[in-house]
Amino acid sequence: MRRRHLAAVALCALLVSACGGPGRQAVAGAGSSPRPAAPSGVVTVFAAASLTDAFQAAGRRFEQANPGVEVVLNLASSSTLATQIVAGAPADVFASADRAQMDAVANAGLVTGGPTDFARNRLQIAVEAGNPRQVTGLDDLARDDLTVVLAADAVPAGEYARAALDAQDIDVSPASLEPDVRAVLARVAMGEADAGIVYASDIAAAGGDVIGVPIPAEQNVAAVYPIATLVDAPNPDVADAFVAFVTSGAGAAVLTDAGFAAP
Amino acid sequence: MGWLGLVAVGLLLLPLLALVVNTPWGRLGELLTDATVRAALRLSLVTSLAALLLSTLLGVPLAWLLARREFPGKTLLRALAVLPMVLPPVVGGVALLLAFGRRGLVGQPLDALTGITLPFSVAGVVLAETFVAMPFLVVTVEAGLRSLDRRYEDVAATLGASRWLAFRRVTVPLLRPSLAAGMALCWARALGEFGATITFAGNLPGRTQTMPLAVFLELERDADAAILLSLILLAVSVVVLVALRGRYLGGG
């Protein structure tokens, strides 16, 4: 009986220690003279799914420039992330694909630094390489013989897509409403859907399976991406440093490489 | 030991209590008449019952094979039959796409010959739910068959009953508790299926958006609707478990 109790206590202790993060911040400045400590520790960044490649690259650059820092990314649709943050998820930084989701977080009083617009994006139609179904523009998406997928209405990519379609009075019956924009891309890449509306940056990240059919500027929407640090950030100093990096020239270069435009 | 058990009860009970406490009782009428909610309820009911029917039609013979026949590769077959129970549902969905998707092993010829595609359809939802839920029925019914006293069937045979008649009039009534338990578990699992459904069949209100998918997506738009749907699913699960009254996997 005694041994089992000990095992249970040990297990609990292990679980509790595995949860802890704050302890790592004590590393910086230990034993050195009092000067501003270099950013260190874990920074948790909640970023829109369309920022996957851009922020993975940005995270690596930031870690290289700041040894001792670890960037942890939580990538999902901005609407999912906003819901998580408002429900109390511990995040340092939130980078959203539209202002609406950032506003949702700001209205809950959870934004402290920002928001700052750091990138723009445009929509494109994703089709299989070679464009076998000969999709030339938004009008084609109303065709009966095409299987079209969009992001769900609450997701920024879905909202932007609907806005673009409604502005042109195009009636699309999507076969599925995906939980984030990368899922739309995946459907096209796998050949399950003939076309989907994604961001230009997603096409850039897609590799050989998918190409983008451009949407002319007058039919397109300008997606504005804001970034902000959050009120209950576990690591506010590194959070500020990360946002400063993203909004700097170095960050802009990473974003441009990934297919984004300047804010 | 007792206090660990209490912790376990707390872990299981507290989330469910939180769900009940946060239910928007005042908006119940409005939400139950909301088009998205009703579509999800109706679709879930139709597809889960269809999946149950398919699982029973296919699962009982499979359970019979596993319980009563010896053949090479039987161990492998049993492992395969149980596999969807331990497979992460999204993985199941991906596997279904690779088999039955538009470019799938079976899906591509199917599309080429008949123009039928399973993803993004109600049939696709039923297929996904059957894939994850059938093993529950197979396992329970197989255990039930194993525990039957075969002498009753032998006696029926000596009295001149054909194998099919003996099965219908002797085996099935004896099997009823295990069959009922298997069907209840199968149906509950099909009703709650999410990962394989959203990956294989996609998500479209009215056609493929079952209740679990609606909860996932409505959570961002209308949290109250999501909580209400969750409560309905919870209530159904409780009813099933109470009806089973302790007769879980393994029958009897």
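Me: In chain B, what share of the contacts with a separation of 6 or more is between residues 24 or more positions apart?
Reply: That share is 73%, with contact meaning heavy atoms within 4.5 Å. Keep in mind that this is a predicted model, where local features need pLDDT of at least 70, side-chain atom pairs count only at pLDDT 80 or more, and totals for chains, interfaces and linings use all residues. Residues are numbered from 1 along each chain as its sequence is written, chains are lettered from A and ligands numbered from 1 in the order written, and side-chain values use heavy atoms, leaving out hydrogens and water.

Me: How many helices and strands does chain B have?
Reply: Chain B has 12 helices and 0 strands, counted as DSSP runs (helices H or I, at least four residues; strands E, at least two) numbered from the N terminus.

Me: And how much of chain B is buried?
Reply: Of its 252 residues, 43% are buried. Buried is under 20% relative accessible area, exposed is over 50%, and partly exposed is in between (1.4 Å probe, protein chains only).

Me: Switching to B:Leu219, where does it sit?
Reply: B:Leu219 is in helix 11 of chain B, residues 211–221.

Me: Why call B:Leu219 partly exposed?
Reply: Because its relative accessible area is 41%.

Me: What does B:Leu219 touch?
Reply: Beyond neighbours within four places in sequence, B:Leu219 contacts A:Thr83, B:Ala214 and B:Ala226.

Me: Last one, what box do the C-alpha atoms of chain B fill?
Reply: Roughly 65 × 60 × 35 Å, along the principal axes.
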